[in-house]
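The sequence and structure come first.

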Amino acid sequence: MRKLRLILGDQLNAKHSWFKQKNKNTIYLMAEMRQETDYVKHHIQKVVAFFLSMRNFAEALNKVGHQVIYFKISDNENQHDLEKIITRVISDKKIEKFEYQLPDEYRLDEQLKSICKNLKIESKVYDTEHFYTSRNDLTNFFHGKKILLMENFYRMMRKRHHILVINEQPIGGKWNYDHSNRNKYKGEIAIPKPLSFSKDVLSIVNDIQMADVKTFGEIDAENFPWPTTRKESIELLDYFCTNLLAYFGEYQDALYSEHAYLFHSRLSFAMNSKMISPKEVIDTVITYFNNNQDTIEISQVEGFVRQILGWREYIRGIYWKEMPNYAKMNALDNQNKLPDFFWTGETKMKCMQHAISQSLTEAYTHHIQRLMIIGNFSLLTQIHPDEVDAWYLGVYIDAIEWVEMPNTRGMSQYADGGIIATKPYVSSGSYINKMSNYCSSCHYKVKNKFGENACPFNSLYWNFLDDKREHFKNNQRMNMMMALLNKIKPDELIRIKEKAQYIMENLDSY
Ligand code: FAD
Ligand code: SF4
């Protein structure tokens with residue numbers, strides 16, 4: 001039977017059972033399509049990283065004897081639409097059966113179901129063989145529960161997969177070392193030069209320009225920091241274990257203006273494109289830990305395992321539990337527009353200037369920059385979650401909707417009304433000052449609420465809590481914040497709100 005098998009751009013799993021056997025009657029199809037480049041405006045590094053990884057994957061399949069049909073973005077015969085491409089290849093190659101792997105995005109899942117319905121031949125869908133959990137595992141685990149606590153899910157996952165567990169109990173005595181993960185970094189530990197890969201990205205940039213795909217952001221053609229093959233992904237993982245793991249947990253929440261990556265792994269793109277699996281990452285890290293227990297503490301390793309075995313699988317489960325409604329949620333009824341400086345980095349707020357500029361030059365910020373700087377600012381200024389979502393989806397190298405949206409709309413913007421986060425992640429300038437070195441060189445004074453040089457986060461914070469009182473009145477976790485708000489004298493609160501209003505009306509001059 002002549003088969004056509006579709007491989008999407010984030011399904012680059014060389015270990016998939018599909019590839020165990022070669023068959024002259026099986027053709028693999030890959031395509032760089034405008035339908036994928038144009039649903040939001042993307043960072044140039046993101047488009048390059050995906051296309052280059054796809055081309056490398058197709059070449060590797062070809063090399064070992066699989067047949068691949070590949071459409072480049074600039075190919076004249078590329079129709080740029082999944083249905084049109086599949087239908088034409090089926091007809092040209094006299095295909096009798098169409099097969100694909102479960103997409104991770106709702107949009108593509110719906111599209112492929114509809115394509116299969118319209119096809120006149122048989123079709124079959126396979127698992128991607130990437131995640132620890134299936135799409136519905138989280139829904140089943142929390143069946144009948146109102147609160148979907150990540151920590152409960154994570155402990156179940158540790159036990160189910162026997163990770164850092166002996167006799168159902170956590171190694172080291174604690175399930176979670178979150179409290180040891182909150183150190184401020186002051187430059188005391190040297191951070192080695194980040195691993196980068198020398199490769200030719202110019203020809204792909206040229207193809208993208210020829211196809212007139214609109215992108216933004218910068219790219220360094222000499223030093224591309226992202227892995228685009230399985231071999232490079234494994235190199236990055238080994239580099240992380242050898243150089244960064246020993247401090248990962250400790251400085252997980254730290255913010256520092258002189259280092260873009262600190263002790264973070266930068267493995268998200270390699271994992272989200274499936275060049276490397278979460279199991280391979282966790283197994284490698286644990287083997288490294290077992291062999292180096294004299295130099296690496298359990299808290300560093302547990303902090304890392306939690307992100308992948310816990311958060312990553314949890315976020316995916318929430319996405320499939322809540323879609324498609326999740327994409328429309330705006331529980332706090334935020335309506336403002338994104339300021340222009342999100343596209344330039346031109347702001348006098350040092351924390352925002354650093355995080356936005358880094359997003360534009362690196363297509364990357366680490367978790368706390370995404371959550372407590374850019375996300376915090378977006379929520380305090382009450383920007384519509386659609387705008388925030390579109391920006392995050394376009395700018396980050398690892399942004400694919402299934403992981404971007406629950407993190408942005410849910411965890412960071414609280415637009416899901418508390419499905420993921422039990423309270424909104426908001427703070428005034430003092431938290432940023434505690435966790436970073438930004439404030440000492442900022443135009444604004446972190447301790448001031450009033451005056452021209454007052455840190456904007458301060459008045460915005462209290463104004464946000466006051467504006468959203470109604471939404472939080474039944475949320476016990478907000479009681480302490482609301483009690484502090486209630487202690488502010490009425491005339492002071494009026495001044496704070498006037499100041500915040502002025503800032504929100506003039507965001508681009510801040
Ligand atoms: P490390 O800090 O080294 O962590 C290791 C791995 O853990 C990451 O590679 C990632 O796979 C996983 N991980 C950590 N936190 C999360 C999380 N909250 N959700 C899912 N996986 C997690 N991650 C994405 O992969 N794509 C996104 O589009 C994305 N958008 C985000 C938006 C916001 C507002 C926030 C707060 C977080 C977002 N994250 C996203 C999660 C996290 O910030 C990134 O996974 C991480 O910064 C990637 O860098 P790293 O590989 O160096 O991570
Ligand atoms: Fe950010 Fe305020 Fe600190 Fe400036 S003073 S870096 S605006 S928190």
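Helix H2 gives the most to the lining of the largest cavity, with 5 residues. The model is predicted, and its cavities of 30 Å³ or more number 3. Its salt bridges come to 34.

**Largest cavity**

- The volume of the largest cavity is about 370 Å³.
- The lining consists of 25 residues, and those closest to the centre are Gly9, Asp10, Glu36, Tyr39 and Phe50.
- At least two lining residues come from each of strand S2 (26-31), helix H1 (34-37) and helix H2 (44-63).
- By class, 16 residues of this lining are nonpolar, 3 are polar and 6 are charged.

**Second largest cavity**

- The second largest cavity has about 90 Å³ of volume.
- Of the 13 residues lining the second largest cavity, Cys351, Cys439, Cys442, Tyr444 and Cys455 lie nearest its centre.
- Helix H13 (350-362), helix H17 (429-435) and helix H18 (456-467) each contribute at least two residues to that lining.
- The lining of the second largest cavity divides into 10 nonpolar, 1 polar and 2 charged residues.

**Second largest pocket**

- The second largest pocket holds about 330 Å³ of space.
- It has 21 lining residues, with Ile147, Gly417, Gly418, Ala421 and Thr422 nearest the centre.
- Two or more residues of this pocket lining come from each of helix H12 (298-322) and helix H19 (469-472).
- The pocket lining is made up of 8 nonpolar, 7 polar and 6 charged residues.

**A buried lysine without a salt bridge**

- Lys499 is part of helix H21, which covers residues 490-505.
- Lys499 is buried and has no salt bridge.
- The Lys499 side chain does reach the backbone oxygen of Gly451, at 2.8 Å.

- Asp109 and Arg135 form a salt bridge through their side chains, with an N to O distance of 2.9 Å. Asp109 is in helix H4 (residues 106-118) and Arg135 is in the loop between strand S6 (122-126) and H5, 26 residues apart.
- Asp109 counts as buried because its relative accessible area is 3%, and Arg135 is likewise classed as buried because its value is 15%.
- Asp137 and Arg160 also meet in a salt bridge, at 3.4 Å from N to O.
- The side chains of Asp178 and Arg306 form a salt bridge in which the closest N and O atoms are 3.5 Å apart. Asp178 lies in the loop between strand S8 (169-170) and helix H7 (202-210), and Arg306 lies in helix H12, 128 residues apart.
- Within this pair, Asp178 is partly exposed at 25% relative accessible area, whereas Arg306 is buried at 3%.
- Lys3, Arg5, Lys97, Glu99 and Glu122 are joined into one network by salt bridges that share partners.

- Asn140 lies in helix H5 (residues 137-141), and Asn140 is classed as exposed because its relative accessibility is 54%.
- The C-alpha atoms of Asn140 and Gly317 are 9.8 Å apart, although the two residues are separated by 177 residues along the chain.

Conventions: Residues numbered from 1 in each chain as written. Chains lettered and ligands numbered in written order. Predicted model: local features only at pLDDT ≥ 70, side-chain atom pairs only at ≥ 80, totals over all residues. Heavy atoms only, no water. 1 Å grid on protein atoms, 1.4 Å probe; cavity = no way out; pocket = protein on both sides within 12 Å on 5 of 7 lines; lining within 4 Å. Points joined across faces, edges and corners; volume = space filled by probe spheres on them. Helix = DSSP H or I, 4+ residues; strand = E, 2+ residues; numbered from the N terminus. Nonpolar A, V, L, I, M, F, W, Y, C, P; charged D, E, K, R; others polar. Buried < 20%, exposed > 50% of the residue type's maximum accessible area, 1.4 Å probe, protein only. Lys, Arg positive; Asp, Glu negative; His and termini not counted. Salt bridge = Lys/Arg side-chain N within 4 Å of Asp/Glu carboxyl O. Polar contact = N/O pair within 3.5 Å; in protein donor to acceptor, adjacent residues only side chain to side chain.
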